[in-house]
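Let's take a friendly walk through this model together. Have a look at the sequence and the fold first, and then we can go through the details.

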Amino acid sequence: MSIQTSLEHVEQKKEKGFIRNLLNRMDINAVLPLVGFIVIVVVFAFLTDMRIVQPNSINLILSQVYVLMIAASGVFMVMTIGGLDFSQGSILGLSSIIISYLSFYNIILAIIAGVVAGAAIGAINGFFHVKFRIPSFIVTICTMFLFRGLNAYLTTNSPVAAHVSVTSYNVTWLKMLLTILVLLILYLVFKYTKLGMVLKAIGAGETAARFSGVRTNLTKFLVFTAAGAITGFAAFLNVIKVGSITATAGNQLETQILISLVLGGMPITGGAKVRFYNIVVGTLIFCILNNGLVMLALDTAVQQLIKGIIFVLVVALTIDRKSIQVVK
């Protein structure tokens, strides 16, 4: 072997080593959601002959994003600490009923009452989870059925209608402004205060966080309370959109939130790899996927099948098997 050939061989080894080290440093899972978002948009733009990127379609998609994105921002904190919350649909339904009732007196009072009602249910979730050490998904499934039954009882005779004036608030700029404000506040708190680090620490290892001086029980209680309050606020946008509340209000919201966050790259076990953009990217992917499948005029069963396959694939590709643990 000549000296030149040997040198070329060494250079090739160095180049491969550099690429390997670069790939090792890159978190592939961090960019997958963004790539997935672009792929989803391009695929459905092609399949629908660009109809999905028309202004009317974009407005329709955005109208479905606001409530989901706000509610998902609360569950984002719950999942960051390694928990799950399946009561969000019931919280949205009950808060919407309360807001509708009180809208006949004062809209500001109605919004505050909706937030308080959501916070109260979240506090119940947090109390039973922390006090009795019941896994979060069991507690929230129980409260889901409890308050869904209450919602059904309150709407047995007829839907609960809000005051006719509330529909005047159903304007794009207001809904977008409120959604951006909620996300901005949560982002600043999560990114630039100690809370974000604490939530990640609990998700990564609750015992270690406790020994580090974190008041884990109080933090978890407050997180569930805050998640309920945020969904209570999202109920206002739900009310101004639909105008009246039926027993089905909020049905499947908890599933939509979970799927959206996972599609956005949210680790199911929470911890250090949580990123704030998981909320935005995930909800957009979910809503585009929903509307794209409807535009293709596919049967409902086929739509569910496709969404299920995509969800399983995303989980299989993004789940961190090294840190997998039982959900708190």
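Glu 206 is buried, with a relative accessible area of 14% (buried means under 20% relative accessible area, exposed over 50%, and partly exposed in between, using a 1.4 Å probe and protein chains only). Lys 220 forms a salt bridge with Glu 206, and their closest N and O atoms are 2.9 Å apart (a salt bridge is a side-chain nitrogen of Lys or Arg within 4 Å of a carboxyl oxygen of Asp or Glu). This pair links distant parts of the chain, with Lys 220 in helix 10 and Glu 206 in helix 9, 14 residues apart. Lys 220 also counts as buried, at 5% relative accessibility. Salt bridges that share partners join Glu 206, Arg 210 and Lys 220 into one network.

The side chains of Arg 210 and Glu 206 meet at 3.3 Å, N to O. Both residues lie in helix 9 (residues 206-211), 4 residues apart, or about one turn of the helix. An α-helix has 3.6 residues a turn, so residues three or four places apart point the same way. Arg 210 is partly exposed, with a relative accessible area of 38%.

## How the model is read

This is a predicted model, in which local features need pLDDT of at least 70 and side-chain atom pairs count only at pLDDT 80 or more, while totals for chains, interfaces and linings use all residues. Residues are numbered from 1 along each chain as its sequence is written, and side-chain values use heavy atoms, with hydrogens and water left out.

## The chain as a whole

The chain has 13 helices and 2 strands (DSSP runs numbered from the N terminus: helices are H or I with at least four residues, strands are E with at least two). Of its 328 residues, 46% are buried. Among contacts between residues at least 6 apart in sequence, 80% join residues at least 24 apart (contact means heavy atoms within 4.5 Å). The chain exposes about 16900 Å², and carbon and sulfur atoms supply 70% of that area (Shrake-Rupley method with a 1.4 Å probe; for residues, only the protein chains shown count as cover).

How many salt bridges does the structure hold? There are 3. One of them joins the side chains of Arg 148 and Glu 254, at 3.2 Å from N to O. Arg 148 lies in helix 6 (residues 136-154) and Glu 254 in helix 11 (residues 253-263), so this pair ties together parts that are 106 residues apart in sequence. Glu 254 is buried, with a relative accessible area of 6%.

Helix 10 (residues 216-242) has 27 residues, and its end C-alpha atoms are 39 Å apart, which agrees with the 39 Å it should span at 1.5 Å a residue (the expected span is 1.5 Å times one less than the number of residues). Helix 10 is mostly covered, with 20 of its 27 residues buried. Gly 243 follows helix 10 and has a positive phi, near 85 degrees.

Helix 4 (residues 88-102) reaches 21 Å from its first C-alpha to its last, close to the 21 Å expected for its 15 residues. Buried residues account for 12 of those 15, including Gln 88, Ile 91, Leu 94 and Ser 100.

## Aromatic pairs

A search of the whole structure finds 8 aromatic pairs (rings of Phe, Tyr and Trp, the last by its six-membered ring, pair if their centres lie within 6.5 Å; planes under 30 degrees apart count as stacked, over 60 as edge-to-face and the rest as tilted). Phe 127 and Phe 128 form an edge-to-face pair, at 5.4 Å centre to centre and 85 degrees between the planes. Phe 127 is partly exposed at 38% relative accessible area, and Phe 128 is partly exposed at 35%. Ring pairs also link Phe 76, Tyr 187, Phe 190, Tyr 192 and Phe 276 into a cluster.

Phe 127 has its place in helix 5 (residues 107-131). Leaving aside residues up to four places away in sequence, Phe 127 touches Phe 132 and Phe 221. The C-alpha atoms of Phe 127 and Thr 225 are separated by 9.3 Å, although the two residues are 98 apart along the chain.
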